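Let me put the chain up on the screen, and then I'll walk you through it.

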Amino acid sequence: MDHMAHMSVVPMAASALLAAAVVPGVVHVLRRSPLWERISVPAPVALPLLVLVHAWAVLGAFAGLRAPGGALVTEPVLLAAAVLFWLPVAARTRHRLDDPGRCLYLFLATPLLDLPAVGVVATGHSAAGLAMIVGMLPLGVAAAALTWSWVNREEREAQSPALPAHGGDRYAR
């Protein structure tokens with residue numbers, strides 16, 4: 001691997017890991033922060049915002065659409081979009097999705113966020129594109145883990161006896 005290929009692989013992988021692993025971890029740890037309520041946006045806004053910003057940040061470098069200042073501009077914008085993206089999944093805000101919504105949201109986001117990396121591979125920078133795809137794997141893992149948790153919770157609730165409403169007998173009519 002030549003020096004230029006290596007230089008594009010590390011930033012691509014680091015950027016992907018930041019958006020797919022570090023940001024959701026921080027949002028989850030601080031899920032009750034009052035800041036999240038002030039900055040959160042609905043999921044139908046957050047998802048396309050991240051997809052577009054991510055495509056601009058990833059493909060802009062390869063298509064000559066790089067912002068003045070390069071990664072010093074694109075990475076903070078990508079980080080902000082990633083925070084907004086993860087809020088409906090991991091934070092306690094008015095825009096929090098229910099379990100089925102969170103699963104759908106993450107499973108929909110996974111291939112959409114991989115598309116720019118496929119474009120990078122198509123431009124002949126396969127190592128950088130694959131680094132981005134691998135770096136985004138925590139997003140798919142989060143979607144699978146959330147789905148598994150939701151299914152198990154639903155199963156437990158279905159198997160446990162229903163609690164009587166307001167202290168009454170659940171079998172009484």
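First, what I'm calling an element: helices (H or I, at least four residues) and strands (E, at least two) are DSSP runs, numbered from the N terminus. With that, from the N terminus on, the chain reads α-α-α-α-α-α-α. That's seven helices and zero strands.

Quick housekeeping. This is a predicted model, where local features need pLDDT of at least 70 and side-chain atom pairs count only at pLDDT 80 or more, while totals for chains, interfaces and linings use all residues. Residues are numbered from 1 along each chain as its sequence is written, and side-chain values use heavy atoms, with hydrogens and water left out.

Now, burial. Buried means under 20% relative accessible area, exposed over 50%, partly exposed in between, with a 1.4 Å probe and protein chains only. Of the 173 residues in the chain, 35% are buried. As for contacts (heavy atoms within 4.5 Å), take the ones between residues at least 6 apart in sequence: 74% of those join residues at least 24 apart.

Let's zoom in on H6, residues 126-135. Which residues of helix H6 are buried? They're Ala128, Gly129, Ala131, Met132 and Gly135. They cover an arc of only 160° around the axis, so they sit on the same side of H6; the arc is that of the directions from the helix axis to the C-beta atoms.

Leaving out residues up to four places away in sequence, Met132 touches Met12, Ala16, His54, Val58 and Ala117. There's also Asp114, 18 residues away along the chain, with 7.7 Å between its C-alpha and that of Met132.

Over on helix H1 we have Ser15, buried at a relative accessible area of 6%. Its side chain makes a polar contact of 3.1 Å with that of Glu75. By polar contact I mean a pair of N or O atoms within 3.5 Å; within protein, one must be able to donate a hydrogen and the other to accept it, and residues adjacent in sequence count only if both atoms are side-chain atoms. Again skipping residues up to four places away in sequence, Ser15 touches Glu75 and Leu78.
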